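Colleague: Before I use this model, could we go through its sheet, its helices and a few single residues?

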Amino acid sequence: MPAGADFVENFLFQTKKGSCTHFATTGALFLRCLGIPSRYVSGFVMKSSDFKDGVAEIRNNRSHAWIEVYESQKGWIPYEMTPSGHIEGISQ
């Protein structure tokens with residue numbers, strides 16, 4: 001990213017490509033601008049196949065970012081913002 005460039009603006013109007021971090025950040029900001037409570041979340045994607053004898057080793061290539069949107073009757077609901085990303089159990 002060019003020095004001094006805005007992260008979201010560069011993503012939306014220049015590169016038009018990005019990682020889960022770009023999509024989640026932009027999605028949360030857009031929803032907040034519309035008055036919808038949202039938050040950026042990052043962590044690691046784990047699958048049942050990662051566990052061996054109750055222990056899982058999760059590597060950095062499993063890091064991921066998504067958003068959560070607050071719904072008054074349900075609380076914080078996770079949403080996948082990355083078009084190619086899919087985390088089982090997260091709305092897309």
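This is a predicted model: local features need pLDDT of at least 70, side-chain atom pairs count only at pLDDT 80 or more; totals for chains, interfaces and linings use all residues.

Modeller: Residues are numbered from 1 along each chain as its sequence is written, and side-chain values use heavy atoms, with hydrogens and water left out.

Colleague: In what order do the 3 strands of the open sheet lie?

Modeller: Helices (H or I, at least four residues) and strands (E, at least two) are DSSP runs numbered from the N terminus, and two strands pair if DSSP finds at least two bridges between them. S1 (38–44) and S5 stand at the edges with a single partner strand each, so one side of each is left without a neighbour in the sheet. The pairing is antiparallel, and the order is S1-S4-S5.

Colleague: Over how many bridges do S1 and S4 pair?

Modeller: One position in this part of the sheet is Ser42, which stands opposite Ala65 in S4. The two strands, S1 and S4, pair in the antiparallel sense, and the count of bridges is 7.

Colleague: At roughly what angle do the axes of H1 and H2 cross?

Modeller: Axes are lines fitted to C-alpha atoms, for helices over the stretch in contact, and angles run from 0 to 180 degrees between N-to-C directions. H1 and H2 count as roughly perpendicular to each other, a term that covers 65 to 115 degrees. The axes of H1 (residues 7–15) and H2 come within 10 Å, and the crossing angle is roughly 105°.

Colleague: Which residues in H1 meet H2?

Modeller: Contact means heavy atoms within 4.5 Å. On the H2 side the residues are Thr21, His22, Phe23, Thr25, Thr26, Leu29 and Phe30, and those in H1 are Phe7, Val8, Phe11 and Leu12.

Colleague: Is Cys20 buried or exposed?

Modeller: Buried means under 20% relative accessible area and exposed over 50%, with partly exposed in between (1.4 Å probe, protein chains only). Cys33, at 70% relative accessibility, counts as exposed. The relative accessible area of Cys20 is 16%, and therefore Cys20 is buried.

Colleague: How far apart in space are Ser72 and Pro37, C-alpha to C-alpha?

Modeller: Ser72 is found in the loop between S4 (63–71) and S5 (75–79), and at 61% relative accessibility it counts as exposed. Ser72 and Pro37 are 35 residues apart in sequence, and their C-alpha to C-alpha separation in space is 10.0 Å.

Terms used
Angles under 35 degrees count as roughly parallel, over 145 as roughly antiparallel, 65 to 115 as roughly perpendicular and the rest as oblique.
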